Each structure stands twice: as C-alpha cells, then as structure tokens.
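Q: I have a structure to look at, and I would like to learn how to read its features one at a time. Where do we begin?

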Amino acid sequence: MHTAYITHRACLGHDMGPWHPESPARLRAIDDRLHAAHLYDFLRHYDAPLVEREALLRVHDAGYVAAIERAAPSEGLIQLDGDTAMCPATLEAARRAAGGAVLAVDKVMAGEVANAFVAVRPPGHHATRNQAMGFCIFNNVAVATAHALAAHRLARVAIVDFDVHHGNGTEDIFADEPHVLLCSSFQHPYYPHSGADTLSDHIVPVPLPAGTDGTAYRAAFEAKVLPALERFKPEFVFCSAGFDGHREDDLAHFRLVEADYGWITEQVMAVAEKHARGRLVSLLEGGYNLSALGRSVAAHIKVLAGL
C-alpha cells in the first residue's frame with residue numbers, strides 16, 4: 001500500500017510576516033525536495049479537509065476555540081502570543097491542519113494507505129487546551145489521537161514527539177489520559193522550559209543537552225523511548241515530526257542529520273508493525289532551515305514509503 005501525503009494550499013496562506021521562521025516557504029521546501037528526490041509520485045495525495053468542531057472540542061476548551069474564531073482578523077496580523085500570530089488566512093489553515101490529521105487516521109484505519117505524512121501548518125504540539133503558543137494554534141496530533149480513541153475505539157495510542165522542543169501542549173492535553181503514551185525527546189533547558197521533571201507512567205520525557213548528536217540521541221531513544229513503547233504495545237502510533245534538531249537549524253542546538261531522522265522513522269515503524277498492524281501517522285511540527293527541512297522530511301518519507 002501507499003503512504004498518504006496530506007496537505008492543502010490553504011496552509012500556505014498562513015503568514016506571520018517575512019521575519020518569521022514558521023513561514024509558507026517551509027511547505028514549499030518540502031514539496032520541492034520530494035520532487036527533486038523523485039518521491040512525490042510514489043505517494044498518494046489528499047487535500048486536508050476542514051476539521052469538524054467535535055474533533056477540536058475533544059482536546060480544546062470550547063471557549064478557547066471560540067476565542068480563536070473571534071480573533072481571526074479580516075486584515076493585518078493579530079498576535080496571540082509573542083511569537084504566534086493570525087492573519088486573515090490563518091483560521092482556515094489551522095482548521096485544515098487539524099482536519100488533515102483526522103483524515104490521516106481515517107485513511108490508515110480503513111486500510112486505504114499503509115501510513116501517512118501530514119504536511120500542514122500551523123504546527124500544533126505547543127498548543128494547550130486553552131492557549132496558543134510556540135507558533136501553534138490547534139494541537140493537530142492531539143486532535144488526531146483523540147479521534148483515534150473516540151471514533152475508532154482504540155485503547156492504546158502512542159505519540160513519539162521528536163521535535164527539538166518539548167511537546168508541552170500535547171502533555172497538557174493528555175496528562176491524565178492513561179490510554180495515551182507520550183514520548184517526547186527535546187533539548188533542555190530550552191523553550192518552552194518544561195517537561196524534564198514530569199513523573200508519570202504514560203509520559204516519558206527524554207531531555208537532552210545542547211550539542212546532542214546522532215550517537216547520543218540514538219542511545220537515549222533506545223534506552224527510554226523504545227522500552228516504553230514495547231511495554232505499552234500501542235494499537236496506533238503517531239509521530240510529532242519536528243526536524244529542528246538538525247545541525248543546520250539555528251532555532252536550536254542539536255546536531256542531528258538526515259540519517260538520524262531516517263533511523264528514528266525505522267524504529268517507530270518497527271514498533272507500529274509489531275503492535276499496531278503498521279498503523280502510523282506522522283505530522284509536521286518544526287524545522288526551519290529550509291534545505292535541512294526538505295532533506296530531512298524526504299529521508300523520513302522515504303522510510304515510511306519503503307523506498
């Protein structure tokens with residue numbers, strides 16, 4: 001079966017200004033690299049739909065969703081926090097980003113595709129139940145996870161967050177949900193300065209220092225993430241796929257390379273094959289050096305697609 005590639009042109013419309021690293025050029029860089037690497041035509045392409053309100057309300061407070069809708073400007077930019085803004089196109093982009101995540105779950109659960117990569121923006125893993133932050137508005141991976149639990153009646157869903165920043169929003173949403181295992185590796189201390197002290201059977205933090213390279217990262221992943229996944233035996237696996245740990249990315253200080261992202265993908269896929277019938281959905285989070293982002297996503301997708 002194919003790997004699904006889910007995106008939407010509306011996600012290009014979300015623009016927080018020419019200075020902002022979370023820019024429309026990120027999706028263009030991924031698209032360009034998939035074409036250059038001759039991967040694009042091997043994927044099954046879908047447009048991300050608008051998310052249903054019910055799906056958002058499983059993980060976000062109704063008042064927060066309404067506040068985001070009211071905040072959407074007709075022109076210019078509205079700041080939600082110091083580094084997260086809305087332009088007139090943002091609300092549709094955010095709805096499509098979460099909707100694409102839900103569609104990916106449905107396509108994989110129906111057996112129409114083997115797995116999926118959801119290339120959308122804004123990203124999601126910093127968005128809490130009631131707060132936008134860190135470039136994120138709706139928590140896409142949380143929306144998809146809650147949909148897998150509620151709509152498909154799964155009992156054990158795992159999230160592997162390998163963005164260089166801690167997935168604080170995802171942890172906030174699932175802190176009291178034992179049906180979800182969250183494994184989050186991240187640079188510490190660093191934005192958003194959380195996660196390292198979490199004590200929970202189903203939240204597995206992997207804080208790592210600045211300068212962490214592929215060798216150190218792989219050792220930590222093998223020591224902490226893989227045993228936790230093996231104990232949990234997930235029925236579905238999500239990746240919060242941030243590529244900002246690449247050594248060329250200036251927004252953080254890890255020293256990973258494309259081969260490391262390929263290796264991470266292989267490990268997570270092996271868990272999905274063993275316990276979850278191969279069911280895996282990966283959602284784009286960070287990654288801000290455009291060349292490194294394109295190359296890293298291509299390495300990730302090449303493994304997903306078995307190419």
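**Reading burial, bridges and a bent helix**

A: Glutamate 69 is partly exposed, with a relative accessible area of 25%, and since this is a predicted model, that value, like the others below, is computed from predicted coordinates.

Q: Why does glutamate 69 count as partly exposed?

A: The general idea is that buried means under 20% relative accessible area and exposed over 50%, with partly exposed in between. Glutamate 69 has a relative accessible area of 25%, and therefore counts as partly exposed.

Q: Which side chain meets glutamate 69 in a salt bridge of 2.6 Å?

A: To read a salt bridge, we look for a side-chain nitrogen of Lys or Arg within 4 Å of a carboxyl oxygen of Asp or Glu. Here the side chain of arginine 53 meets that of glutamate 69, with 2.6 Å from N to O. This pair links distant parts of the chain, for arginine 53 belongs to helix 2 (residues 53-57) and glutamate 69 to helix 3 (residues 62-71), 16 residues apart. Arginine 53 is itself partly exposed, at 39% relative accessibility.

Q: Which other arginine meets glutamate 69 in a salt bridge, this one of 3.2 Å?

A: That partner is arginine 95, whose side chain forms a salt bridge with glutamate 69 at 3.2 Å, N to O. This pair, too, links distant parts of the chain, with arginine 95 in helix 4 (residues 90-109) and glutamate 69 in helix 3, 26 residues apart. Arginine 95 counts as partly exposed at 28% relative accessibility.

Q: How many salt bridges does a search of the whole structure find?

A: The search finds eleven salt bridges, and one of them joins glutamate 22 to arginine 121, with the closest N and O atoms 2.7 Å apart. Glutamate 22 lies in the loop between strand 1 (3-7) and helix 1 (25-36), while arginine 121 lies in the loop between strand 5 (115-118) and helix 5 (140-151), 99 residues apart.

Q: Are glutamate 22 and arginine 121 buried or exposed?

A: Both glutamate 22 and arginine 121 are buried. Salt bridges can also be read as a network, and here Glu22, Arg26 and Arg121 are linked in one.

Q: Where does threonine 198 lie, and what else does its side chain reach?

A: Threonine 198 lies in the loop between strand 7 and strand 8, and its side chain reaches the backbone oxygen of glycine 195 at 3.2 Å. Threonine 198 counts as buried, at 18% relative accessibility. Leaving aside neighbours within four places in sequence, threonine 198 is in contact with Glu171, Ile203 and Pro205.

Q: How should I read a helix, taking helix 7 as the case?

A: One way is to compare its reach with the expected value, and then to look for bends and for what happens at its ends. Helix 7 (residues 214-232) has 19 residues and reaches 25 Å from its first C-alpha to its last, close to the 27 Å expected. There is a kink of about 35° in helix 7, centred on glutamate 222. At the start of helix 7, a side-chain oxygen of aspartate 213 comes within 3.3 Å of the backbone nitrogen of threonine 215, and just after the helix, lysine 233 takes a positive phi of about 50°.

Q: Which residues of helix 7 are buried, and what covers them?

A: An α-helix has 3.6 residues a turn, so residues three or four places apart point the same way. Among the buried residues of helix 7 are Gly214, Tyr217, Phe221, Val225 and Leu229, and what covers the buried residues includes strand 6 (157-161), strand 7 (180-187), strand 8 (203-208) and helix 8 (258-275). In strand 6 we find alanine 158, which is buried with a relative accessible area of 0% and is in contact with residues including Leu229 and Phe232.

How values were computed. Residues numbered from 1 in each chain as written. Predicted model: local features only at pLDDT ≥ 70, side-chain atom pairs only at ≥ 80, totals over all residues. Heavy atoms only, no water. Helix = DSSP H or I, 4+ residues; strand = E, 2+ residues; numbered from the N terminus. Expected span 1.5 Å × (residues − 1). Bend = angle between axes of the 7 residues up to and from the residue. Buried < 20%, exposed > 50% of the residue type's maximum accessible area, 1.4 Å probe, protein only. Contact = heavy atoms within 4.5 Å. Polar contact = N/O pair within 3.5 Å; in protein donor to acceptor, adjacent residues only side chain to side chain.
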